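I am keeping these entries as I look things up, one topic at a time. The structure goes here first, and my notes follow.

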Amino acid sequence: MMGQYNQTSAKEFVFLGFSKERSTNLCLFAVFFSMYLVTLAGNSLIIMVIRIDGRLSTPMYFFLSNLSFLDICYTTSVVPQLLAHCLTSHKTISFNHCMAQLYISLSLGGIEFILLAAMAYDRYVAVCHPLHYMTIMSKRVCIQIAIMCWMGGFLNALVQTVFTMHLHFCSFSTINHFACELLAVIKVACSDTFVNEIVIVVAGVFVLLIPCVVVMLSYVYIINTILHIHSSEGRHRAFSTCTSHMTVVTLCYGTAIFAYMSPKSNTSPNQDKMVSIFYAVVTPMLNPIIYSLRNKEVKGALAKVLGKGVL
């Protein structure tokens, strides 16, 4: 049986994409290309402003610049190929390129979940221990936390990609998706995927569930501290520093939980594609908008930088 699998192993995959209609694909190309440009511009602007404005040289904005860089990388790992496939009827990818894309997307997705937990911890220290904030969240500690986030994401992706590469795929495998998304790839395997499903669950605990618990616990303490602040102005100021992060956390974790924790029998391939589009295209575009609109310091720095640019 093993020999049969080796003889018919897939050298490339075919994506079904969104539609076979050329007019529909051209419309999708225009939409995704516009969103991609907004994502690149918005996140690049956030990174530039944080580097230029000395008032934003704090741990919170250090992690925000990491998040913006991460969003640029993540959407770039998916969207250019998506755009190319909108313009052609030959939607294929080699096995090696598919595994590379899978590794990159899993890495960046895992890093984002862990990074959001680190940002929640940063907000916890800032609100609950303001007098010791800069001591606890020193530059060295922030860099160490960021390295841990990136290494955790890379390690998670390596494990899952290696297990996926050991599956056997029949020739002419067709993926009902627009990219090499983990669950979509596993669905077309010809061999048993039980071990891979166990690995996904275990990885979900470490990369998604534990960071989610860290976020929730951080905000339980944050909300409890805010409620004990006597002045309404003080409560508003403390809460306003967390609203942007809370919004981004809701978008990212909510989408991921729906994609990986909901019963697969209740979701269709088209729903899976929409969830992936929301996570890979929409969320990276919205993140800089959320942080710039709901954060007075970022808005002030943006106005300063853009004002100089106009002048």
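I began with P59 and looked up its contacts (heavy atoms within 4.5 Å): leaving aside neighbours within four places in sequence, P59 is in contact with D122, Y133, M134, M137 and C142. P59 is found in helix 3, where I take helices as DSSP runs of H or I with at least four residues, numbered from the N terminus. P59 is buried, with a relative accessible area of 4%, buried being under 20% with a 1.4 Å probe and protein chains only.

I note for caution that this is a predicted model, in which local features need pLDDT of at least 70 and side-chain atom pairs count only at pLDDT 80 or more, while totals for chains, interfaces and linings use all residues. Residues are numbered from 1 along each chain as its sequence is written, and side-chain values use heavy atoms, with hydrogens and water left out.

Not counting residues up to four places away in sequence, L116 touches L67, V215, H245, V248, V249, C252 and Y253.

How many cavities of 30 Å³ or more does a search of the whole structure find? I found 2, a cavity being a set of points on a 1 Å grid over the protein atoms alone where a 1.4 Å probe fits but cannot get out, with lining residues having an atom within 4 Å of a point. A volume is the space filled by probe spheres set on the points, which are joined across faces, edges and corners.

The largest cavity has a volume of about 70 Å³, and its lining includes F15, N25, H85 and K91. Helix 3 gives the most to this lining, with 3 residues.

The second largest cavity has a volume of about 50 Å³ and is lined by M60, M119, R123, T241, S244, H245 and Y291. The largest share of that lining, 3 residues, comes from helix 9.

Note on methods:
Helices (H or I, at least four residues) and strands (E, at least two) are DSSP runs, numbered from the N terminus. Buried means under 20% relative accessible area, exposed over 50%, partly exposed in between (1.4 Å probe, protein chains only). On a 1 Å grid over the protein atoms alone, a cavity is a set of points where a 1.4 Å probe fits but cannot get out, and a pocket is an open set with protein on both sides within 12 Å along at least five of seven lines; lining residues have an atom within 4 Å of a point.
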